[in-house]
Amino acid sequence: MVASTGSTAREGWSSRSAFILAAVGAAVGLGNVWRFPTLAGENGGGAFVLFYVGCVFLLGLPLVVSEIFIGRTGQNDAVGSIRTVAEKSGVSKAWSGFGLLGVVAAFLILSFYSVVAGWVLYYVGVMGGDFLSAVGSGDLFRGALPGESQTDIQDRLGGLFGNPWLLLAMHAVFMGATFTIVARGIGSGIEAAATILMPMFFVLLVGITIYGAFVGDMTEALAFLFTPDWSKLTPQVMNTALGQALFSLSLGVAGLITYGSYIKGSAGLGPTSLTIAFADTGVALIAGLMIFPIVFAVGLDPAAGPTLVFQTLPFAFQTMPAGALIGLLFFVLILVAAVTSSISLLEVPVAWGIGEMGWSRPKSTMIFGGGAFLIGVACLLGYNVWSDVRLLGFWSLFAETDILDTVDGFTGKVMLPLGAFFTAIFVGWRADRKLVAEMTGLSGVWLSAWRFLIAWLCPLAVGLILVTGLFPEILGA
């Protein structure tokens with residue numbers, strides 16, 4: 001059971017359900033609602049989806065248990081928690097270094113994540129204005145964006161990218177909301193937000209999916225997502241699915257270590273971790289069932305790539321009944337998912353500042369929130385004023401990527417896999433076995449299976465992601 005702490009003790013979750021909601025919120029974000037449907041569309045559907053689900057439970061779940069175990073045992077920020085587990089296991093405290101890697105990764109990801117979330121916020125405004133126009137005209141159930149051509153709708157995103165002041169405003173508003181929630185602490189900030197936003201998210205997700213089932217082509221969507229064409233499961237597709245499994249669960253950025261450190265009491269981690277993995281995977285699959293029936297119903301390309309959400313779907317909403325309302329609710333849904341993930345990303349470095357530097361929560365939030373905001377400004381300027389800047393131009397892998405894509409690529413290809421790899425090695429090989437069994441609540445065949453996966457399969461698979469990400473020519477990419 002998770003219990004809250006007193007006023008003089010370290011903050012904690014008020015209940016087990018509060019922790020689960022917050023942890024699911026940390027995992028469920030743009031990676032599930034935007035990135036997963038995009039990758040499923042680009043990689044042929046069924047075979048990718050089924051392989052991805054397998055990766056979540058064979059690789060992601062053991063790592064979820066491991067990160068929560070570290071945090072719950074250490075009862076400190078990511079670095080301090082790893083140090084505590086190392087001390088209790090009689091191994092070098094230098095292992096805490098991979099916790100710092102996660103802290104830096106979370107900080108950098110937040111910087112560009114806020115910019116992308118700003119795009120979502122912009123589209124909430126666009127669709128909100130369109131819906132108010134529908135209400136004003138008395139045609140509440142009309143399609144979205146009447147009178148705009150498909151080219152007009154598609155050009156809207158490019159217009160946003162070319163307007164640094166508008167990008168800056170959206171980025172500032174989103175980061176400000178994230179900053180405010182984290183500065184309020186665990187109970188009145190993060191937990192309160194999770195207990196309000198996550199139920200709202202699930203209601204919207206299910207509601208829009210039901211809408212898509214009635215007005216879209218659910219049969220074709222089901223066939224696309226769950227009928228595998230194994231000839232499309234190339235090594236490159238498998239590697240993409242592996243990476244998405246880690247990315248969607250927010251592994252390698254110390255988020256679950258940090259959230260796990262606020263758990264009090266002695267509940268087993270197996271069922272809790274399984275709930276998080278099921279919820280995260282379920283959201284990704286339902287997001288596919290929400291988006292693809294609408295895409296297929298109007299004859300659009302499911303392999304549209306990253307523009308699927310921002311350019312393809314707005315045009316689809318134009319042709320569908322109640323498209324103005326559904327379009328607004330759809331982007332509100334994505335915005336909610338972005339907020340719950342962004343607060344976990346900011347909490348990681350903020351907790352480090354409190355635990356390692358002795359800063360107050362407001363000071364730590366100000367330093368890291370402000371720093372991430374400034375890096376985000378550089379990322380958004382990379383779409384316009386600084387479009388010619390190549391941060392890692394000397395590295396062939398990033399020679400042609402703008403600032404945002406470079407930060408995204410470096411964290412995703414290098415830092416996240418390294419964090420997950422060291423987590424697997426540390427917990428699978430260095431952590432005291434009795435301590436692991438006691439704190440996870442696993443025993444018998446479940447403990448043996450988990451130990452095999454975390455000690456052997458996870459390091460090999462994550463190592464493969466790291467190597468092939470850095471040297472894509474290995475897979476012919």
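This is a predicted model: local features need pLDDT of at least 70, side-chain atom pairs count only at pLDDT 80 or more; totals for chains, interfaces and linings use all residues.
Helices in this account are DSSP runs of H or I with at least four residues, numbered from the N terminus. The side chain of Asn 32 is joined to that of Asp 280 by a polar contact of 3.0 Å. When neighbours within four places in sequence are left aside, the contacts of Asn 32 comprise Ala 27, Pro 37, Ser 248, Asp 280, Val 283, Ala 284 and Ala 287.

Aromatic side chains were examined next. The structure holds 33 aromatic pairs. Phe 36 and Tyr 52 form a tilted pair, with 5.0 Å from centre to centre and 40° between the planes. Because Phe 36 lies in helix 2 and Tyr 52 in helix 3 (residues 46-74), this pair ties together parts that are 16 residues apart in sequence. Phe 36 and Tyr 52 are both buried. One aromatic cluster is formed by Trp 34, Trp 119, Tyr 122, Tyr 123, Phe 161, Phe 310, Phe 317, Phe 330, Phe 331 and Tyr 383. A ring is also involved in a contact with a charged group: the charged end of Arg 35 sits over the ring of Phe 247, at 4.3 Å from its centre.

The largest nonpolar core contains 171 residues, of which Phe 69, Trp 119, Phe 201, Phe 330 and Phe 331 touch the most other members. Helix 5 (residues 97-137) gives the most to this core, contributing 23 residues. Trp 119, Phe 330 and Phe 331, listed among those core residues, also belong to the aromatic cluster described above. For Phe 69, with residues up to four places away in sequence not counted, the residues touched are Val 85, Leu 269, Val 427, Ala 431, Leu 435, Val 436, Met 439 and Thr 440.

Pro 417 lies in helix 16, which covers residues 403-430. Its relative accessibility is 2%, so Pro 417 counts as buried. The C-alpha atoms of Pro 417 and Ala 461 are 9.6 Å apart in space, whereas the two residues are 44 residues apart in sequence. Leaving aside neighbours within four places in sequence, Pro 417 is in contact with Thr 411, Gly 412, Val 462, Ile 465 and Leu 466.

Charged side chains were then considered. A search of the whole structure finds six salt bridges. In one of them, Glu 11 is paired with Arg 361, with the closest N and O atoms 3.2 Å apart. This pair links distant parts of the chain, as Glu 11 is in the segment before helix 1 (16-27) and Arg 361 is in helix 15 (residues 361-381), 350 residues apart. Glu 11 counts as partly exposed because its relative accessibility is 29%, whereas Arg 361, at 9%, counts as buried. A further salt bridge is formed by the side chains of Arg 83 and Glu 356, at 2.9 Å from N to O. Arg 83 lies in helix 4 (residues 78-89) and Glu 356 in helix 14 (residues 323-357), and the pair therefore ties together parts that are 273 residues apart in sequence. Arg 83 is partly exposed, with a relative accessible area of 26%; Glu 356 likewise counts as partly exposed, at 26% relative accessibility.

Arg 142 forms a salt bridge with Asp 130, the closest N and O atoms being separated by 3.2 Å. Here Arg 142 is in the loop between helix 5 and helix 6 (150-161) and Asp 130 is in helix 5, 12 residues apart. Arg 142 is buried, with a relative accessible area of 12%, and Asp 130 counts as buried at 8%. Salt bridges that share partners join Glu 11, Glu 347 and Arg 361 into one network.

Backbone geometry was examined at two loop positions. Leu 145 is found in the loop between helix 5 and helix 6. Its phi is near 50°, a positive value in a residue other than glycine. Leu 145 is buried, with a relative accessible area of 5%. Ala 322, in the loop between helix 13 (308-318) and helix 14, has a phi near 60°, again a positive value in a residue other than glycine. At 11% relative accessibility, Ala 322 counts as buried.

Methods. Residues are numbered from 1 along each chain as its sequence is written. Side-chain values use heavy atoms; hydrogens and water are left out. A polar contact is a pair of N or O atoms within 3.5 Å; within protein, one must be able to donate a hydrogen and the other to accept it, and residues adjacent in sequence count only if both atoms are side-chain atoms. Contact means heavy atoms within 4.5 Å. Rings of Phe, Tyr and Trp (its six-membered ring) pair if their centres lie within 6.5 Å; planes under 30 degrees apart count as stacked, over 60 as edge-to-face and the rest as tilted. Buried means under 20% relative accessible area, exposed over 50%, partly exposed in between (1.4 Å probe, protein chains only). A charge sits over a ring if NZ of Lys or CZ of Arg is within 6 Å of the ring centre and within 35 degrees of the ring normal. A nonpolar core is a set of buried Ala, Val, Leu, Ile, Met, Phe, Trp, Tyr and Cys residues joined through side-chain atoms within 4.5 Å. A salt bridge is a side-chain nitrogen of Lys or Arg within 4 Å of a carboxyl oxygen of Asp or Glu.
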